[in-house]
Amino acid sequence: MKVRAATEADLPAILAIYNHAVVHSTCTADYQPQTLAQRRQWFDVRVQAKLPVLVAVGEGGVVAGWASLNPFKERAGYRFTVENSVYIHPERRGQGIGKLLLEPLIAEARALGMHVIIAGIDSENAASIRLHERFGFRNVGHLPQVIYKFDRWLDVVYLQLSM
Ligand SMILES: CC(C)(COP(=O)(O)OP(=O)(O)OC[C@H]1O[C@@H](n2cnc3c(N)ncnc32)[C@H](O)[C@@H]1OP(=O)(O)O)[C@@H](O)C(=O)NCCC(=O)NCCS
């Protein structure tokens, strides 16, 4: 398993992993699967902003997971703060791939001169909370019932890594 920068050719695999989470879980607040065109636009925003999209690739070049840095807020004063995303293929979770991706993602944020990474996580997502805590992210906020999905309210916790 190796981690490398994503290319346009990885977008269908990145999209499939994301859309599985959309349909089957509360880890994203999206209701509808995204299209490839939407993912391409998402990728272009990160390329233009020079923010990394990384993929973890296993045998045969199969994408097992991906991670990205995302703009946190548009306003100029937020330019040293980013949000992160990390999604692992459903059959490859719990095998250390999240950790494999998060380490270089944090290193890239540092290299870019970022000051803070924010992770907004469904409060029931124990795996994601554990993953981020493992890298020093600390709980800085709990927003009750800000997401409505699958006919119920969900809380979001914000974890922050200050560099
Ligand atoms: C959350 C997610 C990214 C974690 O990645 P992963 O590759 O499964 O996690 P890893 O195997 O690297 O494990 C990371 C840590 O979490 C722990 N962990 C993994 N699965 C867990 C679970 N279901 N419950 C509690 N802890 C868990 C691991 O033990 C490890 O901690 P440790 O090193 O202290 O033992 C992955 O499960 C996933 O893609 N889930 C669906 C999408 C998602 O929730 N994305 C995050 C949105 S905020």
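**Ligand shell and an aromatic pair**

Sorted by class, the residues in the shell around the ligand come out as 9 nonpolar, 7 polar and 4 charged. This is a predicted model, so the values below are read off predicted coordinates. The shell counts 20 residues, and the closest of them are Gly96, Lys99, Asn125, Arg130 and Arg134.

As for where the ligand ends up, it sits in the largest pocket.

Now for the contacts with oxygen atoms of the ligand. Lysine 99 brings in its side chain, with a polar atom 2.6 Å from a ligand oxygen. Glycine 98 works through its backbone instead: an N or O atom there lies 2.8 Å from an oxygen of the ligand. Isoleucine 97 also uses a backbone N or O atom, which lies 3.5 Å from a ligand oxygen. On its own, the ligand has 920 Å² of accessible area, and the protein covers 75% of that.

Searching the whole structure turns up 5 aromatic pairs. One of them joins tryptophan 42 and tryptophan 66 in an edge-to-face arrangement, with 5.3 Å from centre to centre and 80° between the planes. The two partners sit in separate elements, tryptophan 42 in helix α2 (residues 36-48) and tryptophan 66 in strand β3 (residues 63-71), so the pair ties together parts that are 24 residues apart in sequence.

Methods: Residues numbered from 1 in each chain as written. Predicted model: local features only at pLDDT ≥ 70, side-chain atom pairs only at ≥ 80, totals over all residues. Heavy atoms only, no water. Near = heavy atom within 4 Å. Polar contact = N/O pair within 3.5 Å; in protein donor to acceptor, adjacent residues only side chain to side chain. Areas by Shrake-Rupley, 256 points an atom, 1.4 Å probe, with all protein chains shown as cover. 1 Å grid on protein atoms, 1.4 Å probe; cavity = no way out; pocket = protein on both sides within 12 Å on 5 of 7 lines; lining within 4 Å. Sits in = over half its atoms within 2 Å of the grid points. Nonpolar A, V, L, I, M, F, W, Y, C, P; charged D, E, K, R; others polar. Phe/Tyr/Trp six-rings, centres within 6.5 Å; stacked < 30°, edge-to-face > 60°. Helix = DSSP H or I, 4+ residues; strand = E, 2+ residues; numbered from the N terminus.
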